[in-house]
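Trainee: Could we go through this structure together? I would like to ask about single residues as well as the overall arrangement.

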Amino acid sequence: MKEDRNIRKHIYFSGMVQGVGFRYRSRYIAQSLGLTGWVSNLWDGRVEMEVQGKAEAIEKMIEQLFQARFIQIDNIEAKEIPVQPEGSFSIK
């Protein structure tokens, strides 16, 4: 059984993740799942994200991003980082 506490993950997504609505889709999914954090394009073609909430909701968000049309995720680098106080999910 998973713990019912909030976690925060710092994630890099690579693949076809820029110019395909990845950041806007991320914000929509995060808001629908009650997650907070931010998402941003990087100069090297990757997308960087910090997302915070229940582990199960974060997993569900990543699954939905994998299933999204036009988005092709080839690799994910993720690590857990300290939780931060915040109230929304934003696009940087």
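Trainee: Is Phe-70 buried or exposed?

Mentor: This is a predicted model, and in it Phe-70 has a relative accessible area of 57%, so it is exposed. The cut-off for that word is over 50%.

Trainee: Where does Phe-70 sit?

Mentor: Phe-70 belongs to the loop between H2 and E4. Its phi is positive, about 75°, although Phe-70 is not a glycine.

Trainee: And Ile-71, buried or exposed?

Mentor: Ile-71 is buried, with a relative accessible area of 8%. It is found in the loop between helix H2 (55-67) and strand E4 (72-81).

Trainee: What is Ile-71 in contact with, leaving aside its neighbours within four places in sequence?

Mentor: With those neighbours left aside, the contacts of Ile-71 are Met-16, Val-20, Phe-22, Arg-25 and Leu-65. Separately, the C-alpha atoms of Ile-71 and Gln-18 are 8.3 Å apart, while 53 residues separate the two in sequence.

Trainee: Leu-65 came up there. Which residues does Leu-65 touch, not counting those up to four places away in sequence?

Mentor: Leu-65 touches Phe-13, Phe-22, Arg-25, Ser-26, Ile-29, Met-49, Ile-71 and Ile-73. Leu-65 is also one of the residues with the most contacts inside the largest nonpolar core.

Trainee: How many residues does the largest nonpolar core have?

Mentor: That core has 21 residues, and Phe-13, Phe-22, Met-49, Val-51 and Met-61 are, with Leu-65, those with the most contacts inside it. At least two residues of this core come from each of E1, H1, E3 and H2. H2 gives the most, with five residues.

Trainee: Let us turn to the helices. At what angle do the axes of H1 and H2 cross?

Mentor: The axes of helix H1 (residues 22-33) and H2 cross at roughly 145° and come within 10 Å. The crossing is right-handed. On the H1 side, the contact is made by Phe-22, Arg-25, Ser-26, Ile-29, Ala-30 and Leu-33; on the H2 side, by Ala-57, Lys-60, Met-61, Gln-64 and Leu-65.

Trainee: How do the residues of that contact divide into nonpolar, polar and charged?

Mentor: The contact of H1 with H2 has seven nonpolar, two polar and two charged residues.

Trainee: Now the sheet. What is the order of its strands?

Mentor: The sheet is open, with five strands in the order E4-E1-E3-E2-E5 and mixed pairing. E4 and E5 stand at the edges; each has a single partner strand, so one side of each lacks a neighbour in the sheet. On average, neighbouring strands are turned by 20° against each other, direction ignored.

Trainee: How many bridges join E1 to E4?

Mentor: Nine bridges join E1 to E4, and the two run antiparallel. Within this pairing, Ala-78 in E4 is the bridge partner of Ile-11.

Trainee: Which strands does H1 touch where it packs on the sheet?

Mentor: H1 touches E1, E2, E3, E4 and E5, and its direction makes about 170° with that of E5. H2 packs on the sheet as well, touching E1, E3, E4 and E5, with its direction at about 140° to that of E3.

Trainee: Why is E2 largely enclosed?

Mentor: Strand E2 (residues 36-41) is largely enclosed by the rest of the structure because five of its six residues are buried. Six bridges join E2 to strand E3 (residues 47-54), antiparallel, and three join E2 to strand E5 (residues 89-91), parallel.

Trainee: Which residues are opposite each other in those pairings?

Mentor: Ser-40 has Glu-48 as its bridge partner in E3, and Val-39 stands opposite Ile-91 in E5. E2 and E3 form a hairpin with five residues between them, and Gly-45 in the turn has a positive phi of about 95°.

Trainee: What is each in contact with, leaving aside neighbours within four places in sequence?

Mentor: Ser-14 is in contact with Arg-46, Gln-72, Ile-73, Asp-74 and Asn-75. Lys-79 is in contact with Arg-8, Lys-9 and His-10.

Methods:
Residues are numbered from 1 along each chain as its sequence is written. This is a predicted model: local features need pLDDT of at least 70, side-chain atom pairs count only at pLDDT 80 or more; totals for chains, interfaces and linings use all residues. Side-chain values use heavy atoms; hydrogens and water are left out. Contact means heavy atoms within 4.5 Å. Helices (H or I, at least four residues) and strands (E, at least two) are DSSP runs, numbered from the N terminus. Buried means under 20% relative accessible area, exposed over 50%, partly exposed in between (1.4 Å probe, protein chains only). Two strands pair if DSSP finds at least two bridges between them. Axes are lines fitted to C-alpha atoms, for helices over the stretch in contact, and angles run from 0 to 180 degrees between N-to-C directions. A crossing is left-handed if the near helix is turned anticlockwise from the far one by less than a right angle, and right-handed if clockwise. Ala, Val, Leu, Ile, Met, Phe, Trp, Tyr, Cys and Pro count as nonpolar, Asp, Glu, Lys and Arg as charged, and the others, Gly among them, as polar. A nonpolar core is a set of buried Ala, Val, Leu, Ile, Met, Phe, Trp, Tyr and Cys residues joined through side-chain atoms within 4.5 Å.
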